[in-house]
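The sequence and the model are shown first, and the description follows.

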Number of protein chains: 2
Amino acid sequence: MTNTATMNRKSAERAARQELILQGALTVFKDKGLEGAKIDEIARVSGFGKATLYYYFTSKEEIFSALLLHGWRSLWRELEEIAVGSDSPRATFISLLKKIAELVNTDRPLYEFLFQAPQSYTREENERSEWKAYQNRLYKVLMELIEEGIQQGEFPKLEPRLIMKAMGGLFHGLVFLGKDRDTITENEIEEMLSNLLG
Amino acid sequence: MTNTATMNRKSAERAARQELILQGALTVFKDKGLEGAKIDEIARVSGFGKATLYYYFTSKEEIFSALLLHGWRSLWRELEEIAVGSDSPRATFISLLKKIAELVNTDRPLYEFLFQAPQSYTREENERSEWKAYQNRLYKVLMELIEEGIQQGEFPKLEPRLIMKAMGGLFHGLVFLGKDRDTITENEIEEMLSNLLG
DNA sequence: CTAATATTCGACCCACAGTTCGAATAATCG
DNA sequence: CGATTATTCGAACTGTGGGTCGAATATTAG
C-alpha cells in the first residue's frame, strides 16, 4: 500500500460509506431518539452488517455525534456569509432566521434532528462535544446582534436574553411545531418577527 | 375485612403511597426522561423497595402515564374557570397563558415535565392515553379563542394555525428556554404577547 | 499467482434494567 | 389469640441491545 492514488480512492470510499451509515442513522434517530434507536435497525436501514458499523464508528454515540457535527457544519457554512455581512443588526438577524427556515424546508428530517435531538442528549460531559461549538457560535452571534440592535434602537429595550428566548421560541414554534406537513414561508417568518419586534 | 371505615382508610393510604411514588418518580423522570430513569432509582428516591412499586403500578410506563395524567388534571382544574369565563377571546387567551406561567413558577419541575416529556414519549399507540385528552382539550380551547378573536378583530387576520404555532412557540420559549434559573414574570409574558398580536 | 491487508458480517458475549418470586413482616378480622 | 389477608422487599429471572470475535471474502501489493 504505497500507491498514493489508491489510498485516496480508499479513503474516499471510506468516507462515502460513513455517509451512507449516517444517512441511515438519521432516519432511525429522527423519530426514535438516541435511546430508542437500535444499532441493529440502523445497520438494516443503511444496508450494512451490524459489525461493519463498528468498523467505521467506535460506538453508537459516535454515530450520533458525527451526525450532529455533520449537520451543524453544513448549517454553519450556509449561515457564515450572512453573519459576517454588513447589514444592520436587525436585518442580519432576520436574514439568518429566514435562511435557517429555508434550509429546514430543504431537508426537514436533518434539521428537525439537529434542533430537537440535542435536548434529549445533552447529558453531563457531552456538553463539550464538537458540534456544540457550532451551536454556541450561532447562539453567540444572534445574541450579539440583539445587543447591537438594542443599542441602535432597532429592537425593543428589553433584556437581550429575554428577547433571545422570545425569538427563539417563536421561530421554533413556527418552523417545527405542528404536524409539520405545512412548510412555513419566509414571508410569514418575517411578518411574525417584525410584529414581535415592533 | 367487612369494615367499611377501615376499607376507606386503607384505600386512602394506598392513594397516599401512590402519591409518594409519583413524587419520587417526577424528580427522576424530570432530568432523565422515560428511558433514562431507572426503576431502582425511582424506588430509592421515593423510599420504597423496588418490588413495592410493582405492587402499586403495573409497569414503568404506567407510572409515567399516571404522572402525566395527574399533572394535566390539576392543570386543567386551574384553567377551566378561566376558559369558561365571559371575557373577550383575546383577554381570555392571555389570561390562560399567564395562568400557566404562574403555575410553572409554582412547581417548575412538574410543569417542565408536563410540557417536555410528551414529545419524547408520544410513540404510536400512546396517542390515546388518558392525559392526552386534556392536552387536546387545552389545544382546542386556545384554537377556538384564536378563531373567535380573529373574527372580532382582536387578532391579526392570519391562519389560526399559524398564530397558534407562533404563540405556542413564543410562550414555550419565554417560560422554558434557557437555564431556567430566572422565572418569567406575568408582565413580561403579557408584553410579548401583546407585541406579537399587534 | 500468492501473500498480505482491508472489509464484511452473523453469531456470540455480557451488562443492565424491567419484571416477577417467594418469603418475611404487619395489619385486620372473628 | 390464631387465621387470613395486605404489604414490603431483596434476590433471582429474563429479554434486550450495545459491543466483540473469528472466520469468510474481497482487494491490493509485489
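A polar contact is a pair of N or O atoms within 3.5 Å; within protein, one atom must be able to donate a hydrogen and the other to accept it, and residues adjacent in sequence count only if both atoms are side-chain atoms. By this rule, four residue pairs are in polar contact between chain B and chain A, both residues being at pLDDT 80 or more.

## Basis of the description

The model is predicted: local features need pLDDT of at least 70, side-chain atom pairs count only at pLDDT 80 or more, and totals for chains, interfaces and linings use all residues. Residues are numbered from 1 along each chain as its sequence is written, chains are lettered from A and ligands numbered from 1 in the order in which they are written, and side-chain values use heavy atoms, with hydrogens and water left out.

## Fold of chain A

Chain A has nine helices and zero strands, where helices (H or I, at least four residues) and strands (E, at least two) are DSSP runs numbered from the N terminus. Read along the sequence, the pattern of chain A is α-α-α-α-α-α-α-α-α. The C-alpha trace of chain A spans about 60 × 40 × 35 Å along its principal axes.

Within helix H1 of chain A, Glu13(A) and Arg17(A) lie four residues apart, about one turn of the helix. Their side chains meet in a salt bridge, with an N to O distance of 3.3 Å. A salt bridge is here a side-chain nitrogen of Lys or Arg within 4 Å of a carboxyl oxygen of Asp or Glu. Over all chains, the rule gives 18 salt bridges.

## How the two copies are arranged

Two copies of a chain are related by a rotation about an axis and a shift along it. Chain B is superposed on chain A by a rotation of 179° with 0.0 Å of shift along the axis, at an RMSD of 0.1 Å. The two copies are thus related as by a two-fold rotation axis. The superposition is by least squares on the C-alpha atoms of residues with pLDDT of at least 70 in both copies.

## The interface of chain B and chain A

Contact means heavy atoms within 4.5 Å, and on this basis 26 residues of chain B are in contact with 26 residues of chain A. Of the interface residues of chain B, 100% are also interface residues in chain A, so the copies meet through the same surface. The area buried between the two chains is about 2300 Å², with 61% of it given by carbon and sulfur atoms. Lys165(B), Met192(B) and Leu196(B) supply 25% of the area that chain B buries against chain A, more than any other three residues. Buried area is the accessible area (1.4 Å probe) that two parts lose on being put together, summed over both.

On the side of chain B that touches chain A, helix H1 (4-36), helix H8 (160-176) and helix H9 (186-197) of chain B each give two or more residues. H8(B) gives the most, with nine residues. By class, this side has 10 nonpolar, six polar and 10 charged residues. Ala, Val, Leu, Ile, Met, Phe, Trp, Tyr, Cys and Pro count as nonpolar, Asp, Glu, Lys and Arg as charged, and the others, Gly among them, as polar.

## Surroundings of DNA strand D

A residue is near a strand if one of its heavy atoms lies within 4 Å of it. DNA strand D is surrounded by 23 residues, the closest being Arg9(A), Lys50(A), Ala51(B), Tyr55(B) and Tyr56(B). Of the atoms of DNA strand D within 4 Å of the protein, 69% belong to sugar or phosphate and the rest to bases. H3(B) gives the most to the surface near DNA strand D, with four residues.

Phosphate oxygens of DNA strand D are approached by chain A. A polar side-chain atom of Tyr54(A) lies 2.8 Å from one, and a polar side-chain atom of Lys38(A) lies 3.2 Å from a phosphate oxygen. For Ile39(A), a backbone N or O atom lies 2.7 Å from a phosphate oxygen.

## Surroundings of DNA strand C

DNA strand C is likewise surrounded by 23 residues, and Ala51(A), Tyr55(A), Arg9(B), Tyr54(B) and Lys60(B) are the closest. Sugar or phosphate accounts for 73% of the atoms of DNA strand C within 4 Å of the protein, and bases for the rest.

A polar side-chain atom of Tyr54(B) lies 2.6 Å from a phosphate oxygen of DNA strand C. The largest share of the surface near DNA strand C, four residues, comes from H3(A).
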